[in-house]
Amino acid sequence: MPIDRTLTRRASIIYAETLLGATSGDDSAFEVSGQLEQVLATVRGSGELRGVLADRTIPAERRSELVREVFAGFNAALLEVLVVMVERGDISLLPRVNEAYIAAAEEALGSVIIDVTTVIALDDGLRDSIKKKYSAQFGKEVLLREHVDPSLVGGIVLSTHGRRIDASVVSQLERARTVLATVSSGGDR
Amino acid sequence: MKRSIRTIAGAVGASAFGLAFAPVLAFASEEGAEEGFDGIGLLLPKLTEFIPMLIGFLVLWFVLAKFAWPPFIGMIDKRATTIRESLERAETAKVESERILEENRLQLEETRKQAAQIIADARVTGEAVRAEVIAQAQEDARLLVEKARAAIETEKKTAIAQLQSSVADLSVSVVGKVIGQDFTDADHRRLIERYLVEAGNLDAN
């Protein structure tokens, strides 16, 4: 089992480094990281798509066509790497490839990539505030991958390197709801 | 009885003997009357009449003593024996009756004692059973009340929890809708800036 994990990790790193090597320029590497995040979200969100891409009874050509159709317009190198993963039956490695790619890209760019999710699109002032705060923490340039999610109701969610800060209104409301539902009334004594 | 009859017969004989010599005095008196004392002579029998009468009397006495008295005495004796036996049987029966009566009295007394003991035992047993039944009923009632209280308490807690949960859901839903509808982009930016200031460190190192 440890050998399997090692092989899996090495395969993920190879895919990530191949993808990073195929991209040209810092902006492209950062852009591909965002697109790779979208691919991961799409595959996670659709069990049917995930099942088809992992089904080896379906011809590899058909699955490759499906990848090109679903993710049309994405970076060409990213599409090629995805096609290879699907043909080799390695689509389940996508989350590890994403992590390995971000780590490799951050190292190549000398930056830290932070995912930022808010209800509204960030303006320059908010971007500067976020970058200023966290570049001071990491001692590196901060690159933001921005996402808009109205279900947060308000606030902000930050995540990078497996750490996550959830300062959204919906999570605070959930905590408040839990406290209200579990706190003793104290009136039955 | 037989001796008495014999005594009577003896007395009758003695009287007859007396009467046999009494005429001597009568004859003397009669001679006296003939000599001038007529009063007493009227009472005394004449010797010529007295002797045959005496002889007849003796014969009669002999015949009676020989033939009449024995059966009569036998009958009297038999009657006396019967009466004596009857008296003895009556005495025996009386003693037996008194013995049976005493026995019955003792048995009755014993029976009364046993009945009293049975009643006393039954009273004690009944009292114990009554106390046990009352205690059991009280225990059952206490358990029933405890169960009812526990059930009511559980229901109450469940209802309160459900109410709290419903109120919490409703409150959060209302707050979420108010924020979602009433917050402008500027409000959201101010909120993000505030949370950003309060947000912790993302650097794991």
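**Note on a two-chain predicted model**

1. Chain B first. The secondary structure of chain B comes to four helices and zero strands. Helices here are DSSP runs of H or I with at least four residues, strands are runs of E with at least two, and both are numbered from the N terminus. In order from the N terminus, the elements of chain B read α-α-α-α.

2. Some ground rules. This is a predicted model, in which local features need pLDDT of at least 70, side-chain atom pairs count only at pLDDT 80 or more, and totals for chains, interfaces and linings use all residues. Residues are numbered from 1 along each chain as its sequence is written, while chains are lettered from A and ligands numbered from 1 in the order in which they are written.

3. Chain A has eight helices and four strands. From the N terminus on, its elements run α-α-α-α-α-α-β-α-β-β-β-α.

4. Burial in the two chains. A residue is buried if 20 or more other C-beta atoms lie within 10 Å of its own, exposed if 12 or fewer, and partly exposed in between; the C-beta atoms are placed from the backbone. Of the 189 residues of chain A, 29% count as buried. Of the 205 residues of chain B, 5% do.

5. Contacts along the sequence. Two residues are in contact if their C-beta atoms, placed from the backbone, lie within 7 Å. Take the contacts in chain A with a separation of 6 or more: residues 24 or more positions apart account for 65% of them. In chain B the corresponding share is 57%.

6. Now the sheet of chain A. Four strands form an open sheet in the order β2-β1-β3-β4, with mixed pairing. Two strands pair if DSSP finds at least two bridges between them. β2 (141-148) and β4 (163-168) of chain A stand at the edges with a single partner strand each, so one side of each has no neighbour in the sheet. From one strand to the next, the twist averages 20 degrees.

7. Look at β3(A). Strands β1 (residues 111-118) and β3 (residues 155-160) of chain A run antiparallel and are joined by four bridges. D115(A) stands opposite S159(A), and V116(A) has L158(A) as its bridge partner. β3(A) also pairs with β4(A), in the antiparallel sense, over six bridges. The hairpin of β3(A) and β4(A) has two residues between the strands, and H161(A) takes a positive phi near 50 degrees. Five of the six residues of β3(A) are buried, so this strand is largely enclosed by the rest of the structure.

8. A helix on the sheet. Helix α7 (residues 124-138) of chain A lies across β1 and β2 of chain A, at about 135 degrees to β2(A). Axes are lines fitted to C-alpha atoms, for helices over the stretch in contact, and angles run from 0 to 180 degrees between N-to-C directions.

9. How does the span of helix α5 (residues 76-87) of chain A compare with what its twelve residues should give? They should span 16 Å at 1.5 Å a residue, and the end C-alpha atoms are 17 Å apart, which agrees. The expected span is 1.5 Å times one less than the number of residues. L78(A), V81(A), L82(A), M85(A) and V86(A) are buried in α5(A). They cover an arc of only 135 degrees around the axis, which puts them on the same side of α5(A). The arc is that of the directions from the helix axis to the C-beta atoms. Just after α5(A), G89(A) takes a positive phi of about 75 degrees.

10. The core. The largest nonpolar core has 46 residues; A16(A), L19(A), L82(A), Y101(A), I114(A) and I156(A) touch the most other members. Such a core is a set of buried Ala, Val, Leu, Ile, Met, Phe, Trp, Tyr and Cys residues joined through C-beta atoms within 7 Å. Leaving aside neighbours within four places in sequence, L82(A) is in contact with V39(A), V67(A) and F71(A).

11. Where the chains meet. The contact takes 29 residues from chain B and 31 residues from chain A. On the side of chain B that touches chain A, α3(B) gives the most, with 13 residues. In α4(B), H188(B), L191(B), I192(B), Y195(B) and L196(B) are buried. These fall within an arc of 135 degrees seen down the axis, so they line one face of the helix. On the other side, A186(B), R190(B) and V197(B) are exposed. The buried residues of α4(B) pack against β1, α7, β3 and β4 of chain A.
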